Amino acid sequence: MRIASLFLVLGGAVILLAAAQAQQVPAARSAGAAQQTPAPLIPAPVQVPPPQAPPQRATLKIVVLDPAHGGTDPGARGTGGMRESEMVLSLAAQIRAALEKQGFSVLQTRQGNDNPSFDDRAAMANAQRGAVFVTLHIGSTGLPGSVRVYTLPDFPAAAPAPDGLLAWDRAQAAVLPLSRKFAELAQAEFAQRFKGSPGSAQTAPVRQLRSLAVPAIAVELSSVSVEDSAVLEQMGPGVASAIARAVAEFKAVYDAAPVPGARP
Amino acid sequence: MNPRWRVWLVAGLAAAVAAGAIYFPVLRRRIQRAARLQAQSVEQARRELSQPVTIAPGEPRVKAQLFWASREEDGGLAAVTVELPLAKEPVLRAKQVLNTLLAGPVDAELRTLPPDAALLEFYLLPDGTAIADFSEPLATSLPSGIESEKLAVESIARTLEANVPQVQRLKILIHGQETETLAGHLDLTDAFAVKTGSSPAPAAPGAGPGAATPAVVAPAVAAAPAAGAPAKLTPGTAPGKLSPAEKKP
């Protein structure tokens with residue numbers, strides 16, 4: 001009995017000792033941390049950014065590809081059952097591979113047969129920094145095998161809001177000169193590869209481009225009126241390499257330009 | 001039951017069945033006719049109500065310029081001069097030239113507008129904003145695509161520009177409604193600038209685009225400088241309220 005009491009007392013003592021040590025460790029750690037960052041006795045001087053700091057430049061590294069239409073909206077339809085929404089999706093996959101080979105990150109506004117709204121597609125691009133937007137279309141008309149590039153025509157930008165935000169429905173106006181440069185580079189590439197393509201980019205009030213705050217172009221291939229879809233499928237590699245090359249050339253222009261949409 | 005009454009009952013029933021069999025085809029035809037009448041759309045009724053604008057033979061014949069697709073230039077328009085007895089009153093004149101444009105050229109391949117599209121109404125506001133209300137086939141029968149939709153709107157705008165100098169801007173409605181796009185691509189939320197004069201340069205837009213522009217947006221500043229090809233189709237000044245303030249006879 002005495003031996004059992006002795007063991008009980010010893011056991012209790014050991015438990016108490018261990019608990020005391022466990023409490024000391026965090027205390028010691030917090031004390032060490034306090035030593036590393038002592039509370040300042042004198043208030044530190046407030047750091048003021050240097051006046052007229054040079055604006056940060058964005059580097060072009062992201063391409064947002066927009067296979068147009070989708071879901072219940074098939075887009076242009078050919079007599080042979082061709083659907084624009086399906087053709088541009090497979091075209092986007094080829095362009096994506098070519099761009100990733102060049103080192104660009106690629107986002108797609110849709111991966112499958114869904115139909116995000118114009119604004120949802122624009123929001124995806126507008127959330128990126130250092131991005132361009134390419135919306136892909138296949139028209140119903142035009143010389144078969146040709147490609148046209150469009151930007152918005154001139155339209156007035158809204159006066160900058162006091163908080164520096166751009167008006168959503170006129171966001172493209174702020175970057176229209178950059179979009180035009182991008183479009184000219186892309187159209188030149190297409191003109192080299194596809195006979196019958198115009199030599200210079202065109203303008204049209206394409207709804208999808210309006211709310212984009214990044215350089216944006218619309219690319220339209222001709223056309224779903226061809227009887228054999230192989231004609232359009234054969235254009236895929238050429239379109240992909242033309243866009244990848246145009247983006248690579250435009251990167252030098254973009255990286256040297258002021259931050260798109262920045263206030264003066 | 002008395003056997004005599006039973007005979008009368010059976011005979012009466014047989015007569016009723018025979019009468020029903022004779023009347024059934026008549027009834028069926030009447031139901032089908034009623035269904036056809038119900039299926040007639042509001043647009044068709046509206047089209048029937050609106051008076052067709054015909055070329056008045058009494059008016060002096062003038063050379064009107066109509067813009068259809070170009071045979072030489074892919075994606076371009078070509079002016080075709082046609083002698084028509086056009087009215088001097090701008091709304092009537094605009095209806096006449098647009099109906100002639102919709103009727104199409106001699107070569108149907110050079111059409112820019114679907115053959116089943118119709119001009120439902122045309123208004124001209126005092127500030128020079130024209131509102132052209134087309135039937136639904138303008139959107140549903142037009143081949144979908146940026147180029148085809150651009151050609152359609154340009155052919156309307158340039159035909160108005162050439163023949164109705166009072167028109168400064170053009171707003172397109174489809175079946176009386178504002179729509180976001182024509183056939184999935186071209187933005188119809190704005191009025192288009194209808195240029196005057198022979199210069200191909202775009203007309204300088206005045207205020208901001210979009211009748212639906214939020215009120216918080218401040219007045220527009222100058223447009224960004226053009227670096228590319230000259231625009232042929234330019235969103236113009238918002239027409240403001242789109243109610244037909246002045247409908248001239």
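Of the 249 residues in chain B, 38% are buried, where a residue is buried if 20 or more other C-beta atoms, placed from the backbone, lie within 10 Å of its own, exposed if 12 or fewer, and partly exposed in between. The model is predicted: local features need pLDDT of at least 70, side-chain atom pairs count only at pLDDT 80 or more, and totals for chains, interfaces and linings use all residues. Residues are numbered from 1 along each chain as its sequence is written, while chains are lettered from A and ligands numbered from 1 in the order in which they are written.

Chain B contains 5 helices and 7 strands, in the order α-α-β-β-α-β-β-α-α-β-β-β from the N terminus; helices (H or I, at least four residues) and strands (E, at least two) are DSSP runs, numbered from the N terminus. Among the contacts in chain B with a separation of 6 or more, 69% join residues 24 or more positions apart, a contact being a pair whose C-beta atoms, placed from the backbone, lie within 7 Å.

Buried residues of H2(A) include A:Met87, A:Leu91, A:Ile95 and A:Ala98. The cover over the buried residues of H2(A) includes strands E1 (62–67), E2 (105–108) and E3 (131–138) and helix H5 (230–256) of chain A.

H2(A) packs against H5(A) at an angle of about 40 degrees, with the axes 8 Å apart. Axes are lines fitted to C-alpha atoms, for helices over the stretch in contact, and angles run from 0 to 180 degrees between N-to-C directions. The angle makes H2(A) oblique to H5(A); angles under 35 degrees count as roughly parallel, over 145 as roughly antiparallel, 65 to 115 as roughly perpendicular and the rest as oblique. Contributors to the contact include A:Leu91 and A:Ala98 of H2(A) and A:Gly236, A:Ala240 and A:Val247 of H5(A).

Positive phi values occur at two histidines, near 65 degrees at A:His69 and near 55 degrees at B:His175. A:His69, in the loop between E1 and H2 of chain A, counts as buried because it has 26 C-beta neighbours inside 10 Å. B:His175, in the loop between strands E5 (169–174) and E6 (192–193) of chain B, has 17 such neighbours and therefore counts as partly exposed.

Definitions and conventions
Contact = placed C-beta atoms within 7 Å.
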